[in-house]
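Me: Hi! Could you walk me through this structure while I have it open?

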Amino acid sequence: MKPVRRWVQFFFVLWATWETALSVTRYSIPEEMERGSVVANLAADLGLDVSGLAQREVKLDIFQNKKYLDVNKRTGELFIVEKMDREFLCNTKTTCFLKLDLIIESPLRIFNIELGITDINDNAPHFRRDRIELDVSESASPGEKFSLPNAFDPDVGANTVKTYKLSESEHFTVDIHSGSDGTKYVDLVLTKALDREEKAVHNLILTAVDGGVPARSGTANIIVRVQDTNDNAPQFDQAIYSLNMSENSPAGTVVIKLNATDEDEGPNADLTYSFTLYTSEKTQEMFSLNSNTGEIAVKGTVDYEDMKIFEMFVEAKDNGPVPLSGQCRVTVYVKDMNDNYPEITIKSLKNTVDENISVGTVIALVGVSDRDTGDNGKVNLIMNKSLPFILNKSSDYLYELLVSEPLDREKVPEYEIMLVVTDEGNPSLSDNETITVHLLDVNDNAPQFPQTFYTIPVKENNAPGALLSSLTAIDPDLNENQYLVYFIIEKEIANTSMSMLFSINPENGNLYALKTFDYEIEKEFLFHIEARDSGVPPLSSNVTVHIIIMDQNDNTPLIVSPWRAHGSEVKEKIPRSTDKGTLIAKVIAIDSDSVHNSRITYQFLQNTDATLFSLDQYNGEIRTMRMFSYRDSRDQRLVVIAKDNGEPALSATVTIKLSTVETALKTYTEVPLEYDIFSDLNLYLVIGLGSVSFLLLITILVTIVLKCQKAKPSKAAPPCRNSVISERNSTIADSTLVSNDAYWYSLFLAETRKGKLVVRQPVPKGARYIVSSIPRSTGLTETSDSAASTLQVRK
């Protein structure tokens, strides 16, 4: 049964469909009707019973999976369930119909309903792109067209796009034309030539307006970018740039950054900077130009003194297809800095001058210079210390170096003159130059001995040729002016020339004795030694030399009283009744040596009875210490030794043999020693000195007369450098000096007691004096002549 039923149902559906196909109910509504709006009363239009619809099942097709319409079963009305958008349902079709099938069951009936949806102006035109960008060359000609995208309006008919409008522009307009389907197309038309440099971008608004009422519109922004054409040459800010810079600026220092501009863009505005051919190679060595940035920087060493002004011609060139260029001139004024040290130039110099050069003499011409300018180039020249020189400024850059004080080579043999030149820059710079001036020696200094008077002690009995002393003079001069020759200034003493007694080495001043001296004959010599240099003219000086003969203990004491024959004894007789303290004898000894060596002391060498006699050790007096007794021997033997004070001491002895007698002798009355001796001594001294003076005067007069009668001997030539020629015109005469006579007279008179006879005999040549006592009687009284002194000669 079930299969049959299904076939029956299928049959009825098919029949209903066919029936519906034959009958179509059409309606027309505008789009966008509100929900609940009634489209039509299907019950009335299809002849359906409204009351029966509620019990019957009514179905309405769903369109595009969405239910837009439905049937009210109570009223049978077709109403809007969902708003319908014609453009959505039918896209852009001009006509839009919705075909619906209304199915009513029990019994089954199918109705075809066709709903036409009419367009309303519910959509505004719009462009597919809200921003339209166009690139237009600034060289485009007016009238040239540029296609624009057209606007789209989903509405149809009169509601679609009707026209286009362009915002106000003096360069553009629009051209509207229709296609075969009625679509409106629009072109952008250039009405006036463009200038990118004036306006690079044009912002336009294109408006599409439809034909609806009210009309709707849509807009799009048109960006017109004017494409550059290389129609502008680069331009510098200034045609001429003038600037200052300091010299010696470090390498890399930016002098200026040139700013050239090109109103073009892109490669047409990309500039390349370069020096033109008018820029000298010297300038290009000093400065570098950055081809991209236009920076001019220091490349070399900029020296004001080499070049004060630099001119650079710079070109800026763009990179257009046909490059355009612009030029400018850059003038750089170099500012002087105090970077150059002042210089000293010795134009003329006498570096060796005589020490006696005149004050005011020019010894050097000195030039000064400074490559800087202004105050930096002003210089002053001074000496770094006080010297006997002065700088005289003869011009701005020339000085004379003059001698300002007398020079003395012996004090300062050379001068190191440091000249200092200083500029007036800030800070100042200076330099120096040293001049060495050597002084040539002039014979302006006489030789000088360290002492003005030399006392040279010489021991007697010296060996001939012995060195006495070295007399060296000093001469501060140089070379031949310093080389000295020594010689003895001739002087005669007792017809004996000094050159016979002494000799001096002419080269070193060593003084030698030519003979052996005897203190007892010659005690001193006084003469002059001269030192002479070899300069022209020669200078000399002399010194006094005092030779003192120093005594040696070379003379044995000589006993002159009591006198006795050589090798014999002295015999004396004395009364046996002699009292105590009676002067028996007096021993007198003399010594030719000096005072120290001739100091005599007396001692008993032998004494028969030490209790009977005493001996005064200083005056040699022998006295009785007691009276004689009968036990005492009749003969007494006394040996007295006289000893000098030399080292070693020398001595002499005398033997006195005393014999006592009983007979009375004339009494020896002794005058007080002090009164008698000194009174007689004074008288003898006066007489002796008068006699000696008289004899000395006679001798001098005779000598003068003899000298005047003789021809004057030629003066000895001064010693030369290699040898000393001493002319000896006379020999040393072996004669006794007058001074010896005076000595002996004084000695004999002083030492001879009253009653003694003093005899002076002629002395042969080469003999020495020996004094001995000659007894005249044996008495010892004051009135008796006990002895006489005589002068014997020992050959």
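Reply: Happy to. One term first: helices (H or I, at least four residues) and strands (E, at least two) are DSSP runs, numbered from the N terminus. This is a predicted model, where local features need pLDDT of at least 70, side-chain atom pairs count only at pLDDT 80 or more, and totals for chains, interfaces and linings use all residues. Residues are numbered from 1 along each chain as its sequence is written, and side-chain values use heavy atoms, with hydrogens and water left out.

Me: Great. How many helices and strands does the protein have?
Reply: There are eight helices and 54 strands.

Me: And which helix holds Leu695?
Reply: Leu695 sits in helix α7, residues 673–709.

Me: What kind of surface patch is Leu695 part of?
Reply: A nonpolar one, made by Phe694, Leu695, Leu697, Ile698, Leu701, Val702 and Leu706, with about 650 Å² of accessible area together. Patches are made of residues with over 30% relative accessible area and no salt bridge; like charges are joined within 9 Å, nonpolar side chains (Val, Leu, Ile, Met, Phe, Trp, Tyr) within 5 Å. A salt bridge is a side-chain nitrogen of Lys or Arg within 4 Å of a carboxyl oxygen of Asp or Glu. Accessible areas come from the Shrake-Rupley method with a 1.4 Å probe, and for residues only the protein chains shown count as cover.

Me: Then which residues other than glycine have a positive phi?
Reply: Glu32 is one, with phi near 70°, and Asn248 is another, with phi near 65°. Glu32 lies in the loop between β1 (24–30) and β2 (38–41), while Asn248 lies in the loop between β18 (240–246) and β19 (254–257).

Me: Last one: what share of the protein is buried?
Reply: Buried residues make up 39% of the 795 residues.

Notes:
Buried means under 20% relative accessible area, exposed over 50%, partly exposed in between (1.4 Å probe, protein chains only).
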